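Biologist: Can you walk me through this model? Keep it simple, please.

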Amino acid sequence: YDSLVQHLKSAIECGRYGKAYGGFLRAPLGANEKYGGFFFYAQHLVQMATTLFGWFPKSVKVYQNGDSYVCVLRYEDKDIVLNFVEGNNVYYASVSAEKGVFEESGKASDALYAIEFMEYYKVLTGGEQERSYEEFFSPVYIMNAIVRSLESGKEEKIIYG
């Protein structure tokens, strides 16, 4: 299984782009959707970010403007911009790096769904878990901090555990 994120991740890991300075990722939010809301839909964009840039960012600051939510996800050595939007299903990821800006875009099925599902299915059928529990739960802690930032209007530290 491949995804738009996997293409960028492979290039980052092998050094094709040089040092990664940051990124911009976009996905639908569906905050008021019948079958999930924020925590169901937001997980996909957070998963894209953690897959590309690491599982443990330090903090997040959220800005809302109408149906658009911009989150600045702060890592030790880079900032990533996440844009949650209402109203369409465009997924997009770009990496700002030493050798330029590199991007991928697609639809929902191009994100990480198939990969995530197969990892989950493998565990359910007795296979080995590929990520640690800390990595597996990291997106939940990040989303909790996003909600706290939205409510407080401040940059919020991400508390793991």
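This is a predicted model: local features need pLDDT of at least 70, side-chain atom pairs count only at pLDDT 80 or more; totals for chains, interfaces and linings use all residues.

Biologist: Start inside. How many residues does the largest nonpolar core have?

Modeller: The largest nonpolar core has 35 residues. A nonpolar core is a set of buried Ala, Val, Leu, Ile, Met, Phe, Trp, Tyr and Cys residues joined through side-chain atoms within 4.5 Å. Buried means under 20% relative accessible area, exposed means over 50%, and partly exposed is in between (1.4 Å probe, protein chains only).

Biologist: Which residues have the most contacts inside the core?

Modeller: L25, M48, L73, L82, F84 and I146 do.

Biologist: And which elements supply at least two residues of this core?

Modeller: The helices are α1 (4–13), α2 and α4. The strands are β1 (20–28), β2 (59–65), β3 (68–74), β4 (79–85) and β5 (91–97). Helix α2 gives the most, with eight residues. Helices (H or I, at least four residues) and strands (E, at least two) are DSSP runs, numbered from the N terminus.

Biologist: Why would such residues be buried together?

Modeller: In soluble globular proteins, nonpolar side chains tend to be buried together.

Biologist: Back to L25. What is L25 in contact with?

Modeller: Leave aside neighbours within four places in sequence. Then the partners of L25 include L45, M48, A49, L52 and F53. I80, V81, L82, Y92 and A93 are also among them. Contact means heavy atoms within 4.5 Å.

Biologist: New topic. Is S149 buried or exposed?

Modeller: S149 counts as buried, at 0% relative accessibility. S149 lies in helix α4, which covers residues 133–152. The S149 side chain reaches the backbone oxygen of K154 at 2.7 Å.

Biologist: What about H44, buried or exposed?

Modeller: H44 counts as buried, at 12% relative accessibility. H44 sits in helix α2 (residues 38–53). A polar contact of 3.3 Å joins the side chains of H44 and Q43. A polar contact is a pair of N or O atoms within 3.5 Å; within protein, one must be able to donate a hydrogen and the other to accept it, and residues adjacent in sequence count only if both atoms are side-chain atoms.

Biologist: Now charges. How many salt bridges are there?

Modeller: The count comes to six salt bridges. A salt bridge is a side-chain nitrogen of Lys or Arg within 4 Å of a carboxyl oxygen of Asp or Glu.

Biologist: Where do K58 and E76 lie?

Modeller: K58 and E76 form a salt bridge, with the closest N and O atoms 3.8 Å apart. K58 lies in the loop between α2 and β2, and E76 in the loop between β3 and β4, so the pair ties together parts that are 18 residues apart in sequence. K58 is partly exposed, at 43%, and E76 is exposed, at 66%.

Biologist: What does K78 pair with?

Modeller: K78 forms a salt bridge with D77, at 2.9 Å between the closest N and O atoms. K78 counts as buried, at 13% relative accessibility. D77 is partly exposed, at 47%.

Biologist: Last one. Which residues make the nonpolar surface patch?

Modeller: Y133, F136, F137 and V140 make a patch of about 400 Å². V140 is partly exposed, at 37%. Patches are made of residues with over 30% relative accessible area and no salt bridge: like charges are joined within 9 Å, nonpolar side chains (Val, Leu, Ile, Met, Phe, Trp, Tyr) within 5 Å. Accessible areas come from the Shrake-Rupley method with a 1.4 Å probe; for residues, only the protein chains shown count as cover.

How values were computed
Residues are numbered from 1 along each chain as its sequence is written. Side-chain values use heavy atoms; hydrogens and water are left out.
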